[in-house]
Amino acid sequence: MANTPTLSVVVPCYNIESYLPETVTSLVNNARDDFEFIFVEDRSTKDRTYEALLALTERLGNSRVIRHERNGGLATARNTGIDVAEGRYLTFLDGDDWLAPGYLARLVDVVERFDVDFVRTDHVQVTGVERAVHRAPEGRRHTPLDPRTSILPVDDTTMVDYPYAWAGVYHRRLLDRGLLRFHDGLRTAEDRPWIWDLHRRAQSYVVASLHGVFYRRGIASSLTQIGDVRQLDFFRSFDLVLAELADDPEADRLRGKALRNFCVVIAHQLIDRRRFERGVAAKLKRLAAEALGAMSEEELSEAVVGMGEERVHVLRRVRGGMRGVAA
């Protein structure tokens, strides 16, 4: 590519050979001379993802395949792509998802028109043959916003509850400010510290009503469907969120929201604990008790408001001492 690319698309890939034809075809239908496509093959173990990538990307201009020497997880794979990306803007696509034709051009049009640090979009969730539009939880559309104004309130769904990195596009200047990279080694919930960092430290963003990302749910190879110890990385992820919040000038206001995020995820994993291996389930319960025990009664009372009886019950059973906490 002779000139600096307008957009770099980073695509981490791991054990997703059967989905790659649809993914790559969707990128062919989005390609422009000023777009580059970076595939990071994270040392797949169960199929020929790497070989499939080499063959399929022959028809995708300005594309390259980088192979890790060892598996590093999604956060590290995305960082590898970020490190070599040359575009003025960056976006992400998971290797088992796909895009509507022309979506990337529309995405770039929005970020160029408003000249903001980042843009966030809606997406289409695909479960089997069913499709449902999931809207980004911010009603103010197509107008520049201060990202901090989309963090609170504590007891409502906000943009930090919508962490999907692939639902948006990001200006390269964020890298110069020490943003945009993920915490290496996180294998799940890698986007939680990342989205909090963006909304605390970036200066401007726009929410656009675009529905061009198709996100697969419930596939067998997805980490969200696998009950092994990698799932427990969400504890480290939220520890990072809370540690980084400590120095924020609004730490007292924002900590409650982060604790609610944490409690929601803990409750979800405990309710769904039967999918875990026995030893992992025991570790989940122990780590959950430790995390909840580190929260005060007052913090917990605020965090679980409106969370629902089932979630509050499972949290109460693991932590104890929450009898006065209402659902």
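## D233, a buried aspartate

With a relative accessibility of 11%, D233 counts as buried (buried means under 20% relative accessible area, exposed over 50%, partly exposed in between, using a 1.4 Å probe and protein chains only). This is a predicted model, where local features need pLDDT of at least 70 and side-chain atom pairs count only at pLDDT 80 or more, while totals for chains, interfaces and linings use all residues. Residues are numbered from 1 along each chain as its sequence is written, and side-chain values use heavy atoms, with hydrogens and water left out.

So who does D233 touch? Leaving out residues up to four places away in sequence, D233 touches G185, L186, R187 and T188, with contact meaning heavy atoms within 4.5 Å. A polar atom of the D233 side chain lies 2.8 Å from the backbone nitrogen of R187.

## Helix α7

D233 lies in helix α7; helices (H or I, at least four residues) and strands (E, at least two) are DSSP runs, numbered from the N terminus. Helix α7 covers residues 233-245, and its 13 residues should span 18 Å at 1.5 Å a residue; the end C-alpha atoms are 19 Å apart, which agrees. That expected span is 1.5 Å times one less than the number of residues.

Buried residues in α7 include D233, F234, F235, S237 and F238. The buried residues of α7 pack against α6 (191-201), α8 (251-271) and α9 (278-293).

## The nonpolar cores

A nonpolar core here is a set of buried Ala, Val, Leu, Ile, Met, Phe, Trp, Tyr and Cys residues joined through side-chain atoms within 4.5 Å. The largest one has 99 residues, and F234, F235 and I266 have the most contacts inside it. Helix α8 gives the most to this core, with nine residues. Apart from it lies another core, of five residues, among them W98, A100, V124 and V126.

Back to I266: not counting residues up to four places away in sequence, I266 touches F234, F235, A288, A291, L292 and L315.

## A mixed sheet

Four strands make an open sheet with mixed pairing, in the order β5-β11-β7-β8; two strands pair if DSSP finds at least two bridges between them. At the edges stand β5 (98-99) and β8 (130-134), each with a single partner strand, so one side of each is left without a neighbour in the sheet. Strand β7 (residues 123-127) runs antiparallel to β8, and five bridges join them. T127 stands opposite E130 in β8.

How values were computed:
Polar contact = N/O pair within 3.5 Å; in protein donor to acceptor, adjacent residues only side chain to side chain.
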